[in-house]
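Subject: Structure for your review

Dear colleague,

Please find below the structure that I am handing over to you. A summary of the findings follows it.

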Amino acid sequence: MLKRKILTLFISTICSIFLIAAVYAFVDGEGFLAIFPMALFISWIALPVIFLYGFPVSLLSEKLTSSISSNYRMLYSLLIHIIFGVSFVFIAGLLFETQTLLTNFHAFWKSYEVIFIVSIGISLCFWFIDEGLKCCKFKKIAN
């Protein structure tokens, strides 16, 4: 399991960094070529966050859903990933902009709206890659 999680972390991190860069390039109206330098810059910020937040969430999801049957396990795992993806924005808001979050939610939402979309995308990316690697593992064992 740990090898699969580390592989999931590696693949998801690369995909997530390019996802973040593509979203910001699209929002800023930049061209396709802006994604690569933006990904390099974003990786300095995103790597520690993904390692310190995304990886433990993935491990927690594995631990909480390990005893559930296959179809329900996938659904519960997806819900856990999405809930933590959504909650990331509010955790970041509490850490960095507590006053704005608590007193002027509209202003908070305006500045964190893109981060909300990206965090859900990253959580879905983690879930999708992890489930894909699990399916590949089962098919490999079955053959």
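In what order do the elements of the protein chain run from the N terminus on? They run α-α-α-α-α, and the secondary structure comes to five helices and zero strands. Please note that this is a predicted model.

Overall dimensions and surface

Taken along the principal axes, the C-alpha atoms of the protein chain fill a box of roughly 50 × 35 × 20 Å. The chain has 143 residues, of which 36% are buried. Its accessible surface comes to about 9,000 Å², and carbon and sulfur atoms account for 76% of that area. Among the contacts with a separation of 6 or more, 65% are between residues 24 or more positions apart.

The nonpolar patch

A nonpolar patch on the surface is formed by L7, F10, I14, F18, F32, L33 and F36. Together these residues have about 760 Å² of accessible area. Helix α1, which covers residues 2-28, gives the most to this patch, with four residues. F18 is found in helix α1. The relative accessible area of F18 is 36%, so this residue is classed as partly exposed.

Salt bridges

Side chains of opposite charge can pair when their charged atoms come close. The count for this model comes to eight salt bridges. Which residues are linked in a network of salt bridges? The network consists of R4, K5, E62, R73, D130, E131 and K134.

Are E131 and K134 buried or exposed? E131 has a relative accessibility of 4% and therefore counts as buried. K134 has a relative accessible area of 7%, so K134 is buried as well. D130 and K134 are both buried too.

The aromatic cluster

The count of aromatic pairs comes to nine. Ring pairs link F90, F105, F108, W109, Y112 and F116 into a cluster. One of these residues, Y112, lies in helix α5. Y112 has a relative accessibility of 8% and so counts as buried.

Where does Y112 stand in relation to F90? The two are 22 residues apart in sequence, and their C-alpha atoms are 9.1 Å apart in space. Leaving aside residues up to four places away in sequence, Y112 touches V89, A92, G93, F96 and E97.

With kind regards

Definitions and conventions:
Residues numbered from 1 in each chain as written. Predicted model: local features only at pLDDT ≥ 70, side-chain atom pairs only at ≥ 80, totals over all residues. Heavy atoms only, no water. Patch = residues over 30% accessible without salt bridge, like charges linked within 9 Å, V, L, I, M, F, W, Y side chains within 5 Å. Areas by Shrake-Rupley, 256 points an atom, 1.4 Å probe, with all protein chains shown as cover. Salt bridge = Lys/Arg side-chain N within 4 Å of Asp/Glu carboxyl O. Helix = DSSP H or I, 4+ residues; strand = E, 2+ residues; numbered from the N terminus. Buried < 20%, exposed > 50% of the residue type's maximum accessible area, 1.4 Å probe, protein only. Phe/Tyr/Trp six-rings, centres within 6.5 Å; stacked < 30°, edge-to-face > 60°. Contact = heavy atoms within 4.5 Å.
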